Amino acid sequence: LTPLSLQGSQPIQITRDVDGTTVAYVGMPGSSAGQVALFCPLLHSEVERDVQDLARKVAAMNFPDMVHGGQQAKAKAKEAIVVCLDCSQSMAGDSGFHMLQAEDLGVQQILQRRVNGFDERPPSPDTPEAVE
């Protein structure tokens, strides 16, 4: 929703903050009239903004989703982007796979062959039929 539409709507609505980031309108704070409370997911915090100042700054950025001066047509979502961030450190331990050491004879041989210009990959056919 555009910032000016927020005061007449029910929380929770998606809108833009003064820097253009996507935020959630969570209501009107009791502190003063003309203010809206926005939750900024990137900052994990709630901020209060003057709705007129917010509307002016967002309008100056010319976002296509903030045009038509009011309510956007509500439609059922056909797609969604879900981002999951695992902060549990459950994968922080040892994987059980040992790292190849440069001292391993096989690794040394492969590295030496590469230094000498040997390509480990199988040859690709260069016949006219394969090139086409």
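The following questions and answers concern a predicted model of a protein.

User: What pattern does the protein follow when read along the sequence?
Analyst: The secondary structure of this predicted model comes to 3 helices and 4 strands. Read along the sequence, these elements follow the pattern β-β-β-β-α-α-α.

User: In what order do the strands form the open sheet, and which of them stand at its edges?
Analyst: The 4 strands form an open sheet with antiparallel pairing, in the order S1-S2-S3-S4. Neighbouring strands of this sheet are turned by 45° against each other on average, direction ignored. Because S1 (13-16) and S4 each have a single partner strand, one side of each is left without a neighbour in the sheet, and the strands at the edges are therefore S1 and S4.

User: How many bridges join S2 to S3, and which residue in S3 is the bridge partner of Ala24?
Analyst: Strand S2, residues 22-27, runs antiparallel to S3, and the two are joined by 3 bridges. Within this pairing, Gly27 has Ala37 as its bridge partner in S3, while the bridge partner of Ala24 in S3 is Phe39.

User: Is His44 buried or exposed, and what is the value of its phi?
Analyst: His44 lies in the loop between S3 and S4, a hairpin with 4 residues between the strands. His44 counts as exposed because its relative accessibility is 67%, and the cut-off for that class is over 50%. Most residues other than glycine have a negative phi. His44, a residue other than glycine, instead has a positive phi, with a value near 55°.

User: Across which strands does H1 lie, and at about what angle does it run to S4?
Analyst: Helix H1 comprises residues 51-60 and lies across S1, S3 and S4.

User: Which residue caps the N-terminal end of H1, and how far does its side-chain oxygen lie from the backbone nitrogen of Gln52?
Analyst: At the other end of the helix, just after H1, Asn62 takes a positive phi of about 55°. The N-terminal end of H1 is capped by Asp50, whose side-chain oxygen lies from the backbone nitrogen of Gln52 at a distance of 3.2 Å.

User: Which elements each supply at least two residues of the largest nonpolar core?
Analyst: The largest nonpolar core has 10 residues, namely Leu6, Val23, Tyr25, Val36, Leu38, Cys40, Val47, Val51, Leu54 and Val58. S3 is mostly covered, with 5 of its 6 residues buried. The elements that each supply at least two residues of this core are S2, S3 and H1.

User: Is Ile12 buried or exposed, and how far apart in space are Ile12 and Phe39?
Analyst: Ile12 has its place in the segment before S1, and because its relative accessible area is 58%, over the 50% cut-off, Ile12 is exposed. Not counting residues up to four places away in sequence, Ile12 touches Ala24 and Tyr25. Ile12 and Phe39 are 27 residues apart in sequence, and their separation in space, C-alpha to C-alpha, is 9.6 Å.

User: What percentage of the residues of the protein count as buried?
Analyst: Among the contacts in the protein with a separation of 6 or more, 33% are accounted for by residues 24 or more positions apart. A residue counts as buried when its relative accessible area is under 20%. Of the 132 residues of the protein, the share that count as buried is 23%.

Methods. Residues are numbered from 1 along each chain as its sequence is written. This is a predicted model: local features need pLDDT of at least 70, side-chain atom pairs count only at pLDDT 80 or more; totals for chains, interfaces and linings use all residues. Side-chain values use heavy atoms; hydrogens and water are left out. Two strands pair if DSSP finds at least two bridges between them. Axes are lines fitted to C-alpha atoms, for helices over the stretch in contact, and angles run from 0 to 180 degrees between N-to-C directions. Contact means heavy atoms within 4.5 Å. Buried means under 20% relative accessible area, exposed over 50%, partly exposed in between (1.4 Å probe, protein chains only). A polar contact is a pair of N or O atoms within 3.5 Å; within protein, one must be able to donate a hydrogen and the other to accept it, and residues adjacent in sequence count only if both atoms are side-chain atoms. A nonpolar core is a set of buried Ala, Val, Leu, Ile, Met, Phe, Trp, Tyr and Cys residues joined through side-chain atoms within 4.5 Å.
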